[in-house]
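This report concerns the packing of helices and the surroundings of selected residues. The sequence and structure are shown first.

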Amino acid sequence: MNWDQIEGNWKQFAGSARKQWGKLTDDDWQVLKGSKDQLVGKIQERYGSTKDDALRQADEWARTQRMENESVGNVR
């Protein structure tokens, strides 16, 4: 799953993302709206991660979403 799909269906993915990064505030989530760059920045800010680590986390989360959606037949 690519980030265009995530951004376009952000409401569908937001719950999973909130579980993954619980330190992000409601205001953070309102601003993000599925933007990978903004998510990476917020992960860096809230968790003290490096940019590379935050990117890795975001990419891994996206892969997990793709795998979960494929297992239920939502994305091919």
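Helices are DSSP runs of H or I with at least four residues, numbered from the N terminus. By that rule, D28 is found in helix α3 (residues 26-32). The model is predicted, so that local features need pLDDT of at least 70 and side-chain atom pairs count only at pLDDT 80 or more, while totals for chains, interfaces and linings use all residues. Residues are numbered from 1 along each chain as its sequence is written, and side-chain values use heavy atoms, with hydrogens and water left out.

D28 counts as buried because its relative accessibility is 3%; buried means under 20% relative accessible area, with a 1.4 Å probe and protein chains only. The side chain of D28 reaches the backbone nitrogen of T25 at 2.9 Å. The side chains of D28 and K42 are joined by a polar contact of 3.4 Å (a pair of N or O atoms within 3.5 Å, one able to donate a hydrogen and the other to accept it; residues adjacent in sequence count only if both atoms are side-chain atoms). Leaving aside residues up to four places away in sequence, D28 touches K42 and R46, where contact means heavy atoms within 4.5 Å.

R46 is also touched by K23, as is Y47, again not counting residues up to four places away in sequence. K23 lies in the loop between α2 and α3. Between K23 and T64 there are 41 residues in sequence and 20 Å in space, C-alpha to C-alpha.

Two packed helices are described by the angle between their axes and the distance between the axes. Axes are lines fitted to C-alpha atoms over the stretch in contact, and angles run from 0 to 180 degrees between N-to-C directions.

| Helix pair | Axis distance | Crossing angle |
|---|---|---|
| α2 (residues 10-20) and α5 (residues 51-71) | within 11 Å | roughly 125 degrees |
| α4 (residues 36-47) and α5 | 9 Å | about 125 degrees |

In the pair α2 and α5, W10, Q12, F13, S16, A17 and Q20 of α2 make the contact with W61, Q65 and N69 of α5. By class, this contact has four nonpolar, five polar and no charged residues.

In the other pair, K36, L39, V40, I43 and Q44 in α4 meet K51, A54, L55, Q57, A58 and D59 in α5. This contact has six nonpolar, two polar and three charged residues.

Technical notes: Helix = DSSP H or I, 4+ residues; strand = E, 2+ residues; numbered from the N terminus. Nonpolar A, V, L, I, M, F, W, Y, C, P; charged D, E, K, R; others polar. Buried < 20%, exposed > 50% of the residue type's maximum accessible area, 1.4 Å probe, protein only.
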